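This briefing concerns a single structural model and is intended to be read beside the sequence and coordinates.

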Amino acid sequence: MGEMVERVDEQDQTVGVVDRGEAIRRRWLHRVATTVCRDPDGRIRVHRRPDHVSRFPGQYNWLVGGAVGVGESYPAAASRELAEELGVHTPTRFLFKYLCRGVISPYWLGLHEAVLDQSVVPDTSEVAWHAWLTPVELRAAMHDTMFVPDARDAFVRYRTEKAGPRGPLPRRSTLPPRVRSDALGPEPRNESR
């Protein structure tokens, strides 16, 4: 038996408990919790997935996260995933959730934010490379670099949400409007699997 998750409906109400692999294969809705990691200066952590992983090998992501377990809240899952993937124990702040149609399978995505003021020790089975980018650099990289498709959609929603009542993303006037692609390290190979 694999990882167990709650199967949910279009209103994010639990309808049963299923194996996550089966939920993905049958395209059943389930829950995923993610976190935007920022440093005290407002930069956002970006990472590249290892080349050997089964989903989105070598692609970039700006979110840390995973499936919400049975009986687990979005914030609890977000904090657990931060600890597992980055070795960081810090509170997360729930921002919003939405029904993500997903490239592999649909799911409810709970998006959180955390400020990391401690060193990050990534799990190398999840993170091949990582760096901190300003919001302007990340915005440019989203257009120039191969990011996980669902992460691109979440980025658009995050920017829209941040431009709402909470105010715009911070900008630094001294930065160039675009970042060179090599700022994110070597471009991952595009191998079809």
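The points below are grouped by topic and refer to a predicted model.

- Arg 49 is placed in the loop that runs between β4 (44-48) and β5 (60-61).
- Although Arg 49 is buried, it has no salt bridge. The nearest side chain of opposite charge belongs to Glu 126, 4.7 Å away, whereas a salt bridge requires a distance within 4 Å.
- A polar atom of the Arg 49 side chain lies 3.3 Å from the backbone oxygen of Phe 56.
- Beyond its neighbours within four places in sequence, Arg 49 contacts several residues, including Arg 55, Pro 57, Gln 59, Ala 128 and Val 148.

**Aromatic pairs**
- The structure contains 6 aromatic pairs.
- One of these is formed by Tyr 60 and Phe 147, a tilted pair with 5.9 Å from centre to centre and 40° between the planes.
- This pair links distant parts of the chain, 87 residues apart: Tyr 60 is in strand β5, and Phe 147 is in the loop between α3 (135-144) and α4 (149-162).
- Both Tyr 60 and Phe 147 are buried.
- The Trp 62 and Tyr 158 pair is tilted because the ring planes stand at 55°, with the centres 5.1 Å apart.

**A charge over a ring**
- Lys 97 is positioned over the face of Trp 108, at 5.3 Å from the ring centre.

Terms used: Residues are numbered from 1 along each chain as its sequence is written. This is a predicted model: local features need pLDDT of at least 70, side-chain atom pairs count only at pLDDT 80 or more; totals for chains, interfaces and linings use all residues. Side-chain values use heavy atoms; hydrogens and water are left out. Helices (H or I, at least four residues) and strands (E, at least two) are DSSP runs, numbered from the N terminus. Buried means under 20% relative accessible area, exposed over 50%, partly exposed in between (1.4 Å probe, protein chains only). Lys and Arg count as positive and Asp and Glu as negative; His and the chain ends are not counted. A polar contact is a pair of N or O atoms within 3.5 Å; within protein, one must be able to donate a hydrogen and the other to accept it, and residues adjacent in sequence count only if both atoms are side-chain atoms. Contact means heavy atoms within 4.5 Å. Rings of Phe, Tyr and Trp (its six-membered ring) pair if their centres lie within 6.5 Å; planes under 30 degrees apart count as stacked, over 60 as edge-to-face and the rest as tilted. A charge sits over a ring if NZ of Lys or CZ of Arg is within 6 Å of the ring centre and within 35 degrees of the ring normal.
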